[in-house]
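Colleague: I would like to learn how to read the features of a model like this one. Please take them one at a time, general idea before the case.

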Amino acid sequence: MATDWTPDSWRDFEARQLPTYPDQDKLDKTLDQLSTFPPLILGSEARLLKEKLATVAKGEAFVVQGGDCAESFRDFSAESVRATLSALLWMNAVIAYAMGKPVVRLGRLAGQFAKPRSSDMEEKNGISLPSYRGDNVNDIAFTEEARLPSPERLLQGHTQAAITLNLIRAYTQAGDDKWEYAFNGLKDFVHSRPWAQDSWRGLVAEMEDSFRFAQSCGGFGDGYADPCFTSHEALHLPYEETMVRSDCDYGLDYATSGHFLWIGDRTRFEGSAHVEFLRGVDNPIGLKCGPNLKPDELLRLLDILDPAYEAGRITLITRYGHDKIEKHLPELVSAVKAEGRPVVWICDPMHGNGTQTSDGQKTRPFERILAEVKGFFAVHEAEGTYAGGIHLEMTGLDVTECIGGSAAITEEDLKRRYLTQCDPRLSRDQALEMAFQIADLV
Ligand code: PEP
Ligand code: CO
């Protein structure tokens with residue numbers, strides 16, 4: 001148990017990226033109400049996920065984490081949840097088969113509603129307004145009223161998380177046909193896309209009636225009934241604080257807003273309130289590692305967040321950019337390895353690879369995303385460590401937000417279905433292509 005920790009001890013530390021509410025009294029009342037609600041997830045589920053991540057740390061399984069950059073109140077539907085879940089299952093099947101290892105499925109789902117921003121203000125046509133900070137905080141519309149933080153949004157976010165979690169549990173537990181359904185989706189993909197490579201078609205043909213496929217994706221084993229675990233950035237600390245519950249059996253505290261919570265690259269500095277908060281909960285947690293994180297700083301953070309060297313507790317999510325990963329990752333990996341820390345390494349190839357089109361639209365070239373994934377595998381191979389997973393901003397919908405890939409999405413195409421609330425996501429086809437590319441790599 002963490003010493004001198006309470007759910008609100010983060011309040012004595014420096015908290016960056018938190019909204020300032022105009023009506024403190026209303027905020028306090030909302031937080032009081034949230035703190036009386038039942039948990040969204042149970043401590044036992046968080047412990048199960050931690051055990052699974054411990055197997056990843058040993059090189060025996062692989063993490064596929066993915067979902068929206070920011071979940072949206074407006075675009076919430078059963079279809080959008082089902083589509084993203086399906087895409088995760090497809091990726092799971094391809095990667096598990098190619099690796100001969102189970103996949104741990106982690107959705108950026110059911111709680112990814114608060115966003116850190118590089119700038120407090122956003123400017124458009126000479127008008128400057130507070131930045132959008134996620135649907136839990138304010139509205140994306142570019143008006144003064146919309147950008148005002150409103151406490152009621154926390155209740156709506158909580159309700160949407162509960163409904164999403166209910167759908168996830170239902171879809172992933174509904175019967176024996178989920179793998180067959182996933183498999184039919186894969187067959188359709190490789191047969192209907194002219195650009196699908198022969199190696200992908202070959203892989204799907206091989207999977208078709210393979211017992212190993214069924215085994216590796218958990219079809220006949222323990223993993224079969226696994227849910228898709230949920231994850232989000234634990235950014236909104238007042239909200240996260242209200243969701244802490246003690247597990248009476250174990251005497252441990254859990255953040256019950258999601259199974260896996262991570263600390264973003266902008267809030268993982270030493271002395272951060274976000275580090276203090278996550279130090280005391282027993283969930284498996286993630287830490288984003290960007291180019292300005294020095295190895296000694298990371299080691300000190302690990303001493304705080306994981307004093308017991310517990311396998312499965314820490315996942316390091318590296319996000320450098322295609323042209324920086326081979327420079328920065330080796331020193332981090334060798335420092336962590338030298339300390340004997342049993343961490344999981346996963347690659348976020350999204351956040352370091354943003355570009356802008358000629359008319360100012362944010363996008364990410366698929367080729368750069370893929371290059372960072374390749375760099376990630378190469379560095380771990382060279383260091384003798386295990387490349388344990390990927391973390392993608394993606395959707396199961398047919399969007400056009402990232403350029404490139406085999407479908408050759410162009411800047412012009414971005415005008416068609418650019419639907420994201422925040423950062424550009426891989427489309428269903430691009431996410432699947434990424435899974436096949438990883439299959440080719442391993
Ligand atoms: C994110 O994952 O949405 C994010 C903001 O990432 P990072 O903290 O790595 O910039
Ligand atoms: Co993002």
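Colleague: Which atoms coordinate the cobalt ion (ligand 2)?

Modeller: Donors are N, O and S atoms within 2.8 Å of the metal (3.2 Å for Na, K and Ca), and water is not among the atoms, so sites may look incomplete. In this predicted model, the cobalt ion (ligand 2) is coordinated at 2.1 to 2.7 Å by Cys69 (SG), His351 (NE2), Glu393 (OE), Glu393 (OE) and Asp423 (OD). The sequence spacing of these donor residues is C-x281-H-x41-E-x29-D. Strands here are DSSP runs of E, at least two residues, and helices are runs of H or I, at least four, numbered from the N terminus.

Colleague: What conventions apply to the numbering and the values?

Modeller: Residues are numbered from 1 along each chain as its sequence is written, and chains are lettered from A and ligands numbered from 1 in the order in which they are written. As the model is predicted, local features need pLDDT of at least 70 and side-chain atom pairs count only at pLDDT 80 or more, while totals for chains, interfaces and linings use all residues; side-chain values use heavy atoms, with hydrogens and water left out.

Colleague: Is His351 buried, exposed or partly exposed?

Modeller: Buried means under 20% relative accessible area, exposed over 50%, and partly exposed in between (1.4 Å probe, protein chains only). His351 has 22% relative accessibility, so it counts as partly exposed. Glu393, at 0%, counts as buried.

Colleague: Which residues lie nearest the centre of the largest pocket?

Modeller: A pocket is an open set of points on a 1 Å grid over the protein atoms alone, with protein on both sides within 12 Å along at least five of seven lines; lining residues have an atom within 4 Å of a point. Here Arg117, Lys362, Gln421, Cys422 and Asp423 lie nearest the centre, out of 38 lining residues. Asp423 is also one of the cobalt donors. Strands β3 (121–124), β12 (355–356) and β13 (362–363) each supply at least two lining residues, and the largest share, three residues, is from β3.

Colleague: What does a nonpolar core look like in this case?

Modeller: Such a core is a set of buried Ala, Val, Leu, Ile, Met, Phe, Trp, Tyr and Cys residues joined through side-chain atoms within 4.5 Å. The largest has 104 residues, and Leu186, Leu278, Leu316, Trp345, Leu426 and Phe436 have the most contacts inside it. Helix α3 (residues 78–99) gives the largest share of this core, 13 residues. Apart from it lies another core, of 13 residues, including Leu53 and Trp262.

Colleague: What does Leu278 touch beyond its sequence neighbours?

Modeller: Contact means heavy atoms within 4.5 Å. Leaving aside neighbours within four places in sequence, the partners of Leu278 are Ala234, Leu261, Trp262, Ile263, Ile285, Leu305 and Arg313.

Notes:
On a 1 Å grid over the protein atoms alone, a cavity is a set of points where a 1.4 Å probe fits but cannot get out, and a pocket is an open set with protein on both sides within 12 Å along at least five of seven lines; lining residues have an atom within 4 Å of a point.
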